[in-house]
Amino acid sequence: MLNREGPVPLYKQVAAEIRRRIESGEIPPGHAVPSEQEIEDEFDVSRITATKALRLLRSEGVVYLVPGRGTFVGPEDAPRVSKATKPYERIAGELAERIRAGELRPELPIPSEKTLMQQYEVAKGTVRRAVALLREQGWVFTVEKRGSYVSPKKDWPKS
């Protein structure tokens, strides 16, 4: 898709493709545009190229930056729509729902890393982030070299 041999700089080509997606409605107002990392991965470009592409779109008023949240299709007063839930957040949410529903009971182990990796078709790191999130929220506790267990009900988050 990108012409790496032509006279137009890569960052301008990337910006043009994102602009096309915005103008076609593929990325509507208030929605996040791809992050620098996503641009790097999708277009196989460097971080500086991704940064320059987003900077160009910002200078044109097509998108605006919300520090710590991302870059969104303008105008700035358009209601923002956050990006889809990350895989580890979805896994944590589903496990928390299973705990809340009584399927996973206090003081008993949650499924192993290997089981969760296979069930959700994700990497070990994704499963570990999901369990870490559950631990932060109070749904589970971890015993070194033994696994993670459902916390007593009194420790569950108030929701």
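What percentage of the 159 residues of the protein chain count as buried? The share is 37%, where buried means under 20% relative accessible area with a 1.4 Å probe, protein chains only. This is a predicted model, in which local features need pLDDT of at least 70 and side-chain atom pairs count only at pLDDT 80 or more, while totals for chains, interfaces and linings use all residues. Residues are numbered from 1 along each chain as its sequence is written, and side-chain values use heavy atoms, with hydrogens and water left out.

The C-alpha trace spans about 65 × 35 × 25 Å along its principal axes.

Next, select Glu113, Val131, Thr142, Gly147 and Ser148, which are the closest to the centre of the second largest pocket among its 16 lining residues. A pocket is an open set of points on a 1 Å grid over the protein atoms alone, where a 1.4 Å probe fits, with protein on both sides within 12 Å along at least five of seven lines, and lining residues have an atom within 4 Å of a point.

Then colour H5 (113-120), H6 (124-137), S3 (140-143) and S4 (147-150), each of which supplies at least two lining residues, with H6 giving the largest share, four residues.

Terms used: Buried < 20%, exposed > 50% of the residue type's maximum accessible area, 1.4 Å probe, protein only.
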